[in-house]
Amino acid sequence: STFYQAISFKAFAVDPTDIEMLKKALKYSGKDTSVHKDIFDGDFAFWINHDKTTAIMKFKEAFEKYPSSKTTCWCLGMSYLWAGQNDSSIKYNQKALDLDSHFPRAYESLGWNYFVKKDYKETIKNFEISISYGADDPNVYRYTGYAYKELNNLEKSSFYIQKADSIERK
């Protein structure tokens, strides 16, 4: 199971549409009974099959088996975000934070939810916490800048957008 996990993590980290790499991972995933297999199934449903309903179902199954896993909570929250179900997404990302209050991915997901809801103060709060815990996704910086722009703080908006640009140039 470690082999397929390495393949799938590499494929998702580099390009979630690397279909051949993910099909290879799928071939080796059958014997795994861990949380990683359940998460892989949800990711595969979303990224490869573009099936939000199945992704939510797979992540729900993972959450039911592993309710104390911050990662399963976060994945279920992300699947709800992908499906446009922001309130459910917020609920499961908050559960992830209840399990680990220093989990940057959950703060990042909350930031995306609040941006969609046009709650720019909460967007900024959650993205800045994510950044303080090491998030390095340029889009987190960029959308923090956009949120500041919506609140007419052009100085901070410019700072975050420039930071996003510098991360992308690396």
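## Basis

This is a predicted model: local features need pLDDT of at least 70, side-chain atom pairs count only at pLDDT 80 or more, and totals for chains, interfaces and linings use all residues. Residues are numbered from 1 along each chain as its sequence is written, and side-chain values use heavy atoms, with hydrogens and water left out.

## Whole chain

The chain holds 10 helices and zero strands. Helices (H or I, at least four residues) and strands (E, at least two) are DSSP runs, numbered from the N terminus. In sequence order the pattern is α-α-α-α-α-α-α-α-α-α.

Of the 170 residues, 45% are buried. Buried means under 20% relative accessible area, exposed over 50%, and partly exposed in between (1.4 Å probe, protein chains only). Contact means heavy atoms within 4.5 Å. Among contacts between residues at least 6 apart in sequence, 44% join residues at least 24 apart. The chain exposes about 9,400 Å². Carbon and sulfur atoms supply 51% of that area. Accessible areas come from the Shrake-Rupley method with a 1.4 Å probe; for residues, only the protein chains shown count as cover.

## Helix H4

H4 (52-65) has 14 residues. From first C-alpha to last, H4 reaches 20 Å, close to the 20 Å expected at 1.5 Å a residue. The expected span is 1.5 Å times one less than the number of residues.

The buried residues of H4 are Ala55, Ile56, Phe59, Ala62 and Phe63. They cover an arc of only 125° around the axis, so they sit on the same side of H4. The arc is that of the directions from the helix axis to the C-beta atoms. These buried residues pack against H3, helix H5 (70-82) and helix H6 (86-99). The face turned away from the buried side carries exposed Thr53, Glu64 and Lys65.

## Positive phi in two loops

Histidine 50 has a positive phi of about 55°, although it is not a glycine. Histidine 50 is in the loop between helix H3 (35-48) and helix H4 (52-65). Its relative accessibility is 64%, so histidine 50 counts as exposed.

Asparagine 152 also is not a glycine, and its phi is positive, near 65°. Its place is the loop between helix H9 (138-150) and helix H10 (154-169). Asparagine 152 counts as exposed because its relative accessibility is 67%.
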